[in-house]
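Here is a short report for a first look. Please keep the sequence and the 3D view open while reading.

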Amino acid sequence: MKRLLSIVFAGLVVLSTGAGAVDLDPARLKLASANVLVLDAAADRQLYSKAADEVTPIASVTKLMTAMVVLDAQQSMDDVLDIETADYDFLKNSSSRLRAGTTLTRREMLRLALMSSENRAAASLARHFPGGTQAFVTAMNFKAASLGLTHTHYSDPTGLSPSNVSTASDLARLVQAAAEYPLIREFTTTPSYQVEMDTGRLLGFNNSNALVKKQDWDITLQKTGYIREAGKCVVMLVNIASKPFVIVLLDSLGKYTRFADAQRVKHWIETGESLALAPVRAARAVKVRAASHLHSRTHGTLRPRLVKTSQKR
């Protein structure tokens, strides 16, 4: 009888704990991303993993570390920084609206780097670090080591280099560390900003993660990334049924796969069931270690002023 009561009581505890205590069978969750980790952040417990310890390029997810190093340096956020041609991307030729000569405060450079994954803003932040870009990258790797990210290495502050690598497991730790910084939480979840140029022209910058605008998502922190070698990536700290979860999705095929995978994870946590997985290629595409085909496009004029238009709360 005592044993029966214990079993019944245990069952009641499981049912009463809400999200994360549903019968979460990992076998029911079908995801297209190559490297995945889903973590119950409150309990520090892995709920799902898939090649989570495989080292892989991480693209602009790098910018979470970039932001932490900037904020740890405690330089004035009101200092005015400039964009130089040295900040241009000659590796992937990615586009940017920040032309050489553009000036912004360190705060706004950081905002654009995190919100819209602005590569020139990230490069400028590193260049204005004491000792310059190389000292900044050294600080990034030192910070990674201090956080116990043993399979993480950085070669540049933007993530454009495929030598910036990590694992899903390490990135889950990185997300939790970055969430300790209020500005990183704020800037990564800001849906959009408009840049007002001296001429009065407005240029819009949008968050690279469309999920921050969706009412059914409560995102505390996020960062996307993409280069050809890394595939489509996204990392998030989200609240689902009032509980925090870390979701790491790396190397997704297709434009929307990472976000569809995120929706599947959310549904699985809420219900214990998985949404249907769209058909994928039988043979996964080989990661191509070649330069991006994107062409650089520069617009606008000098000395823009950022005007806040909306912010997720």
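The sections below cover the sheet, the cores and the ring contacts of this predicted model.

## The sheet

Strands of a sheet pair through backbone hydrogen bonds, in either a parallel or an antiparallel way. Here, five strands make an open sheet. Their order is β2-β1-β11-β10-β9, and the pairing is antiparallel. Two strands stand at the edges: β2 (45-50) and β9 (218-227). Each has a single partner strand, so one side of each is left without a neighbour in the sheet. From one strand to the next, the twist averages 5°.

Look next at β10 (residues 231-240) and β11 (residues 243-252). They run antiparallel and are joined by eight bridges. I240 stands opposite K243 in β11.

## A helix across the strands

Which strands does helix α6 lie across? Helix α6 (residues 168-178) lies across β1 (35-40), β9, β10 and β11. Its direction is at about 135° to β11.

The largest nonpolar core has 62 residues. L64, M65, I184 and V248 have the most contacts inside it. Take I184 as an example. Leaving out residues up to four places away in sequence, I184 touches L64, A67, M68, L71, L114, A178 and L221.

Another core lies apart from the largest one. This core has 23 residues, including L29, L47, W268 and I269.

## Aromatic pairs

A pair of aromatic rings is described by the distance of the centres and the angle of the planes. The count for this model is three aromatic pairs. One of them joins Y48 and W268. Their centres are 6.2 Å apart, with 75° between the planes, and the pair is edge-to-face. Y48 lies in strand β2 and W268 in helix α8 (residues 257-271), so the pair ties together parts that are 220 residues apart in sequence. Are Y48 and W268 buried or exposed? Both are buried.

F129 and F136 also pair. Their ring centres lie 5.1 Å apart and their planes are at 85°, so this pair is edge-to-face as well. F129 counts as buried because its relative accessibility is 14%, under the 20% cut-off. F136 is buried too, with a relative accessible area of 0%.

## Charges over rings

Two residues with charged side chains sit over ring faces. R97 lies over the face of F205, at 5.8 Å from the ring centre. K232 lies over the face of Y226, and there the distance to the ring centre is 4.2 Å.

Definitions and conventions
Residues numbered from 1 in each chain as written. Predicted model: local features only at pLDDT ≥ 70, side-chain atom pairs only at ≥ 80, totals over all residues. Heavy atoms only, no water. Pairing = 2+ DSSP bridges. Helix = DSSP H or I, 4+ residues; strand = E, 2+ residues; numbered from the N terminus. Axes fitted to C-alpha atoms, helices over the stretch in contact; angles between N-to-C directions. Contact = heavy atoms within 4.5 Å. Core = buried A, V, L, I, M, F, W, Y, C linked by side-chain atoms within 4.5 Å. Buried < 20%, exposed > 50% of the residue type's maximum accessible area, 1.4 Å probe, protein only. Phe/Tyr/Trp six-rings, centres within 6.5 Å; stacked < 30°, edge-to-face > 60°. Lys NZ or Arg CZ within 6 Å of the ring centre and 35° of its normal.
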